[in-house]
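Trainee: Let's go through the labels on this model. I want the criterion behind each one.

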Amino acid sequence: MKTVKVFVTGVGGQLGHDVMNELAGRGMEAVGSDILAAYPHPEENAPVAKMPYVQLDITNAADVMRVLKETDPDVIVHCAAWTAVDLAEDADKQAKVFAINAGGTRNIAEAAAQIGAKMVYISTDYVFNGQGTTPWDPDCKDYAPLNVYGKSKLEGELAVSELLKKYFIVRIAWVFGVNGKNFIRTMLRVGQTHDEVRVVNDQIGTPTYTLDLSRLLVDMIGTDRYGYYHVTNEGGYISWYDFTKEIYRQAGLSTKVTPVTTQEYGLSKAARPFNSRLDRSKIVKNGFTPLPDWKDALARYLKVLKNEGVY
């Protein structure tokens, strides 16, 4: 049986890091890349520390084509992205956001087409308008992004679907992982320094643990069950307020959590979706194992953070 080679972009981020660790843990051949000169987090004993790494600026089309032709992977898992949603609204940042999320993704997709590789593109519920209460179907084409980040990610999706036949477009939401900033880390920090926190209760979705997601992605790339998928952890739909209450409960913090509306909270520069409910049923329909319950994922993640001395 032919050995599958996987090329992963954005390994300095939460998801790319976990995907590389998952590939390494399964003994698969993989090459990681990011814009930095050296692999950003080479933990001494982690399998990923022994994996090859290539510096790559995905906005440079010629470099992307050259590196991917030289590497010649069977699959590209494209995790690299601009993810600072509020910062993306700044007029002086928007060209860069589109260069990375739209242009960079097109560069990867063009190279994938040239070498005949499968491609996994990580996207977001922000490609929709975030209204209503019905969970978004992965094959829904009613796109109406609310902000610059969402528009740039939608352009990436369209490039992948236009240029390739062998692709997985995987939309995720409310992401947390070991390697990076996220809502849980922020809430733990605030919870330890404040008696009370205000958290919005009218934005609804489900968290996604990158460790769990990475396992599903690696399962996916071994198949030809291509198309659009919505992936978060299981366990129903909740608000950020509900999420915060559970974070503090599991972490043993007594910080008071006060629910507020998005309008009352009023601090975000970018418009946020009220409805981030993603319909995950296609995962099971297509024969994949769904992610564990988000409360279970949170418990496992908090254990890692406790070992790190975060709280």
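Mentor: Start with pairing: two strands pair if DSSP finds at least two bridges between them. Strands (E, at least two residues) and helices (H or I, at least four) are DSSP runs, numbered from the N terminus. The model is predicted, so local features need pLDDT of at least 70 and side-chain atom pairs 80 or more, while totals for chains, interfaces and linings use all residues. Residues count from 1 along each chain as its sequence is written, and side-chain values use heavy atoms, without hydrogens and water.

Trainee: How do you know that β6 pairs with β11?

Mentor: 4 bridges join β6 (residues 167-172) to β11, and the two run parallel. The cut-off is at least two.

Trainee: Why is α3 called roughly parallel to α4?

Mentor: Their axes cross at roughly 15 degrees and come within 9 Å. Axes are lines fitted to C-alpha atoms, for helices over the stretch in contact, and angles run from 0 to 180 degrees between N-to-C directions. Angles under 35 degrees count as roughly parallel. Therefore α3 is roughly parallel to α4.

Trainee: What classes of residue make up the contact of α3 with α4?

Mentor: The contact (heavy atoms within 4.5 Å) has 10 nonpolar, 5 polar and 6 charged residues. Among them, Phe 98 is in α3 and Tyr 149 in α4.

Technical notes:
Parallel < 35°, antiparallel > 145°, perpendicular 65-115°, else oblique. Nonpolar A, V, L, I, M, F, W, Y, C, P; charged D, E, K, R; others polar.
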